[in-house]
Amino acid sequence: MRSRIILLMSLSVLIILAAPMVGMHILPWTALVEPFSREPSAVILWYIRIPRVLVAFVGGAGLALGGAAFQGMFRNPLATPYTLGVASGAALGVAFVTRFGIMMIPAGGWIVPIAAFAGALLAVGVVWGVARLRPDFSTTVLLLAGVAMTFFFSSLILFLQYTADLGGSFRIVRWLMGGLGEARWEALALMVPAVAVGAVVVGWRARDLDLLMVDPEIAAGRGVDVVRTRAAIFLGTSLVVAAVVSVCGPIGFVGMMAPHICRLLVGGHHRVLLPVSMVFGGTFLVACDTVARTILAPVELPVGVITAFLGGPFFLWLLVRHRSIFRH
Amino acid sequence: MVVAVFRLNGIGVRFNGAILLDDISFELGGGEFLTVVGPNGAGKTTLLRILYWLVKPTEGSIELEGKDLAVIDRRQLARTVSYVPQTDLGGSDFTVRAFVEMARYPYLGPWEPLGTGDHEAVEQAMATTEVVHLGDRLFGTLSGGERQRTLIAAAVAQGGRVLLLDEPTSYLDYRHQVQVLNLLEHLHRDLGYTLVVVTHDLNATVGYSDSVLALKNGRIAFAGTPMGLLDGDRLAAIYENDFELVERTGGGVPLVVPSRGTGS
């Protein structure tokens, strides 16, 4: 297992180092050493490519963290913070500001991420409130409430989109595809603290997750405060995913896939699985984004197209080959 | 004065207007083996969960070694009492050893590795329950009897001297039932564990027990010795069915066989 982790880490470092140099133009290495120069290649590297790669890495890491935590907590291979309506809440926020032209007011590029973040937190709040009405904070109730919210928000998004003008409608659809085209240094100011807080909150409960994954009653029998642990993980990961989605859009499957692959590689202990999943998810999104912006250059594909294109078949393969990952 | 392990005083549980348990009072001494029996829905599992504070009583109080259970921290409780629920250990594929190691949870910080003492506790528990040879096997590949022994191994590794077991022999074939019963007897008689076993099977642990509690409709229908419970009229009243009591060749408590045809 140790050799697999070392291999994964080396591969990830290589990809992250190479990714900023690759794109529509292959940049010379010399651009790297002069971050404040006016040279076009240095500007592209330091103001566009490097922040974009970092946003992709932090975003992928955050989504993978959320997926790993939720899959363990819910003992359900399909559970991700997505399932709980976080992404559709974010999308509703974006659709709202787009439809009513609020995004045109002068607030820099911040209106869309802020609206997405607010929408995501709204969804989290509703799902949380419903689950809190039940004494056991049942995971089934959480999942079903999330699915219900997703449907409800989808109808509102469709309504806003249908009544929007052509331009607005396109912008909503485009946002729903997910993409890192807007990723700048400022985006990291929102994502890095959220992902760091989430990683600490979830990482602190890595042992609890091991036990919850086995059986919630057994976990309680070992001394885990099941309700408090579930609440902390739910809120911590929702914060992470809300921050990531508001910058990157709803990027399908990263959060679901990465933990599954890592579970096959390094096993189910969350003290190993969580950090490995974060590195893997981050690297995976960097790779997908690099492909998305080079494959049809100068046209840029939304990265969500690539991740979902890879994710769907992958999941089918997983279902057929590795039925043992989750046993019910 | 010897402090009782558990002292229940007028415990009641009401949930959405239904009475799950009503006026339950008893004491359990250290090293005692208590079997709780009763028909389906009598409140047996609820009682066990109360002892583990998974269900909070709406009336009465419980003391664990003289301290109010309501104020005992979960980890602290886990160091004294281990709970073995009825479960198929669904979850993911951990090995038997990894699962038993997880039982050291109440002693470890979030990122603290297992220490020498933890490893010793794990080895000893696995040896006692005879699962050492299963160490590298995955849950999913274990037979019912092996799973039950693994669950008990983890409960022992958890370090407490009180074990609460929910239907430990149900769904096991005869050979594995006997294995688990022998293990429980060994833990009780040779190692001095305090055991509370909930079962619907009158032929399972009643004969090994120091005392028996029979529940019916959430109330105590009988509290006393195994021989006191195994009386035709008493069982008929509790289970609303007649029973035949068959003497065993080796002596001890009689075998209980439900009669057919006389019931409604």
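Predicted model: local features only at pLDDT ≥ 70, side-chain atom pairs only at ≥ 80, totals over all residues.
User: What makes helix 11 of chain A and helix 12 of chain A oblique to each other?

Analyst: Helix 11, residues 254–266 of chain A, and helix 12, residues 270–294 of chain A, pack at an angle of about 125°, with their axes 9 Å apart. Roughly perpendicular covers 65 to 115 degrees and roughly antiparallel begins over 145, and helix 11 of chain A and helix 12 of chain A are therefore oblique to each other. Their crossing is right-handed.

User: Which residues of helix 11 of chain A meet helix 12 of chain A, and how does the contact divide by class?

Analyst: From helix 11 of chain A come Val254(A), Ala258(A), Pro259(A), Ile261(A), Cys262(A), Arg263(A) and Val266(A), and among the residues they meet in helix 12 of chain A are Val272(A), Phe280(A) and Leu285(A). By class, this contact of helix 11 with helix 12 of chain A has 12 nonpolar, two polar and one charged residues.

User: Why are helix 12 of chain A and helix 13 of chain A called oblique?

Analyst: Helix 12 of chain A packs against helix 13, residues 303–321 of chain A, at an angle of about 120°, and their axes are 8 Å apart. Since the roughly perpendicular range ends at 115 degrees and the roughly antiparallel one starts over 145, helix 12 and helix 13 of chain A are therefore oblique to each other. Here, Cys288(A), Asp289(A), Val291(A) and Ala292(A) of helix 12 of chain A meet Val303(A), Ile306(A) and Thr307(A) of helix 13 of chain A, a contact with five nonpolar, one polar and one charged residues.

User: What makes helix 3 of chain A oblique to helix 10 of chain A?

Analyst: Helix 3, residues 86–99 of chain A, and helix 10, residues 226–248 of chain A, pack at an angle of about 40°, with their axes 10 Å apart. Roughly parallel requires an angle under 35 degrees, while roughly perpendicular starts at 65, and the angle makes helix 3 of chain A oblique to helix 10 of chain A. The contact is made by Val86(A), Ala87(A) and Ala90(A) of helix 3 of chain A, together with Ser238(A), Val241(A), Ala242(A), Val245(A) and Ser246(A) of helix 10 of chain A.

User: Which residues touch the most other members of the largest nonpolar core?

Analyst: Among the 173 residues of that core, Val86(A) and Ala243(A) touch the most other members, and the largest share of the core, 15 residues, comes from helix 2, residues 40–74 of chain A. Leaving out residues up to four places away in sequence, Ala243(A) touches Gly62(A), Phe117(A), Leu190(A), Met191(A), Ala194(A) and Val195(A).

User: How do you know that helix 1 of chain B is largely enclosed by the rest of the structure?

Analyst: A residue counts as buried if 20 or more other C-beta atoms lie within 10 Å of its own, and in helix 1 of chain B this holds for Lys44(B), Thr46(B), Leu47(B), Leu48(B), Arg49(B), Ile50(B) and Leu51(B). With seven of its eight residues buried, helix 1 of chain B, residues 44–51, is therefore largely enclosed by the rest of the structure. Just after this helix, Trp53(B) takes a positive phi of about 65°.

User: What makes up the side of chain B that touches chain A?

Analyst: In this contact, 26 residues of chain B are paired with 24 residues of chain A. Helix 2 (74–80), strand 6 (81–84) and helix 3 (96–102) of chain B each supply at least two residues of that side of chain B, with the largest share, four residues, coming from helix 2 of chain B. By class, this side of chain B divides into 16 nonpolar, seven polar and three charged residues.

Methods: Residues numbered from 1 in each chain as written. Chains lettered and ligands numbered in written order. Axes fitted to C-alpha atoms, helices over the stretch in contact; angles between N-to-C directions. Left-handed = near helix turned anticlockwise from the far one by under 90°. Contact = placed C-beta atoms within 7 Å. Nonpolar A, V, L, I, M, F, W, Y, C, P; charged D, E, K, R; others polar. Core = buried A, V, L, I, M, F, W, Y, C linked by C-beta atoms within 7 Å. Buried ≥ 20, exposed ≤ 12 C-beta atoms within 10 Å, placed from the backbone.
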